[in-house]
Amino acid sequence: MHDPIAYITPDCMLDVSAVTFRQVEKDRVALSGARGKPRTPTYKVVVGYFDGYIGSGEMGIAGINALARARLGIEVVKERLRRRGLSIDEMCIDLIGMNSLHGNDANKCPGPYEVRLRIAARMPDKRAAEAVGTGVRSVHTQGPSGAGGGINFGARQILAVKSVLIPRDWVKPEIIMERAAWASASMTWAMPVPATRAIPPTSPSPRIMTRAGRCCSADSRPNGCCAFLPPYARPGAPLRIAATAGAKLCH
Amino acid sequence: MRRYELPQLRALNFVIENALAGGVTRSLAIDPQGKSLSALMLTITLPGHNDGAHRS
């Protein structure tokens with residue numbers, strides 16, 4: 001939550017500044033005082049984009065002078081990547097540790113008895129990212145002494161997410177009701193719908209299609225950029241669509 | 001850093017911008033959500049409060 005007075009929800013701005021809780025009875029708590037404010041003039045759109053690959057690995061280093069040997073391990077891994085001519089977009093180096101290797105008192109030495117080295121790096125391609133975990137794990141046998149418990153976490157492609165705000169009038173929802181025969185009579189629209197057309201039953205569950213062509217069925221979870229039907233929407237049951245096409249762009 | 005006060009809940013809400021290295025989906029950090037950051041904040045010594053971080 002950012003500003004508790006103006007928290008943006010799919011439906012409106014929420015003000016929790018006057019929220020109070022009250023013990024009603026054992027195991028029952030009443031909440032009151034949440035207030036709604038008018039909706040924002042923008043939709044929040046969650047954009048996913050590919051953002052390279054992350055490779056990572058870990059290695060434990062035990063005993064006297066563990067910290068200095070862990071630091072030597074870092075230099076060994078970096079040098080191996082450099083010699084392979086791999087470019088590193090961004091690197092994160094962590095030194096972790098308490099008693100994971102031998103279960104003993106962490107104060108056995110003047111310095112830390114155990115240091116667990118973790119290296120994660122953002123690389124431009126999968127092959128380069130895989131070299132990060134491989135390099136860390138190779139410290140087992142080709143690096144400072146007293147290293148063990150290495151893990152190569154491999155490489156993963158990164159689907160990064162960025163939130164942006166767009167003017168509400170950029171979105172022109174087009175809603176197509178499939179299986180319209182059962183959905184027509186008790187349908188209530190809570191938002192102006194520019195184009196509605198019925199098409200014959202083709203699918204086992206009702207679907208709403210946005211202009212962008214994304215769609216989801218009644219039983220799917222709502223997500224960032226498509227409309228959804230609430231779980232109570234069943235053939236033959238009253239169907240209520242409350243600004244879902246637009247609202248799910250804003251959460 | 002911004003602080004929001006909710007006195008009726010005896011709560012403070014802190015918002016720290018740019019603290020997650022690009023966010024949970026792309027961060028290289030071992031705690032990409034920053035779940036542990038609240039513990040870091042609790043080590044801050046407030047002026048005139050008995051060196052609060054060093055209580056035994």
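Which residue just after H1(A) takes a positive phi? Keep that in mind as you go through the points below.

1. To answer that first: the residue is A:Gly85, with a phi of about 70 degrees. Please remember that this is a predicted model.

2. Helix H1 (66-83) of chain A has a length that checks out. Its 18 residues should span 26 Å at 1.5 Å a residue, and the C-alpha atoms at its ends are 26 Å apart, which agrees.

3. Next, the largest nonpolar core. Of its 26 residues, the ones touching the most other members are A:Ile61, A:Ile119, A:Ala129 and A:Val132. S6, H1, S8, H2 and S9 of chain A each give two or more residues to this core, and S8(A) has the largest share, with six. Leaving out residues up to four places away in sequence, A:Val132 touches A:Gly55, A:Ser56, A:Gly57, A:Ile119, A:Ala121 and A:Met123.

4. Finally, the contact between chains: 20 residues of chain A meet twelve of chain B. On the chain A side, strands S6, S7, S8 and S9 each give two or more residues, with the largest share, four residues, coming from S9(A). By class, this side has eleven nonpolar, three polar and six charged residues.

Terms used:
Residues numbered from 1 in each chain as written. Chains lettered and ligands numbered in written order. Predicted model: local features only at pLDDT ≥ 70, side-chain atom pairs only at ≥ 80, totals over all residues. Contact = placed C-beta atoms within 7 Å. Nonpolar A, V, L, I, M, F, W, Y, C, P; charged D, E, K, R; others polar. Core = buried A, V, L, I, M, F, W, Y, C linked by C-beta atoms within 7 Å. Buried ≥ 20, exposed ≤ 12 C-beta atoms within 10 Å, placed from the backbone. Expected span 1.5 Å × (residues − 1).
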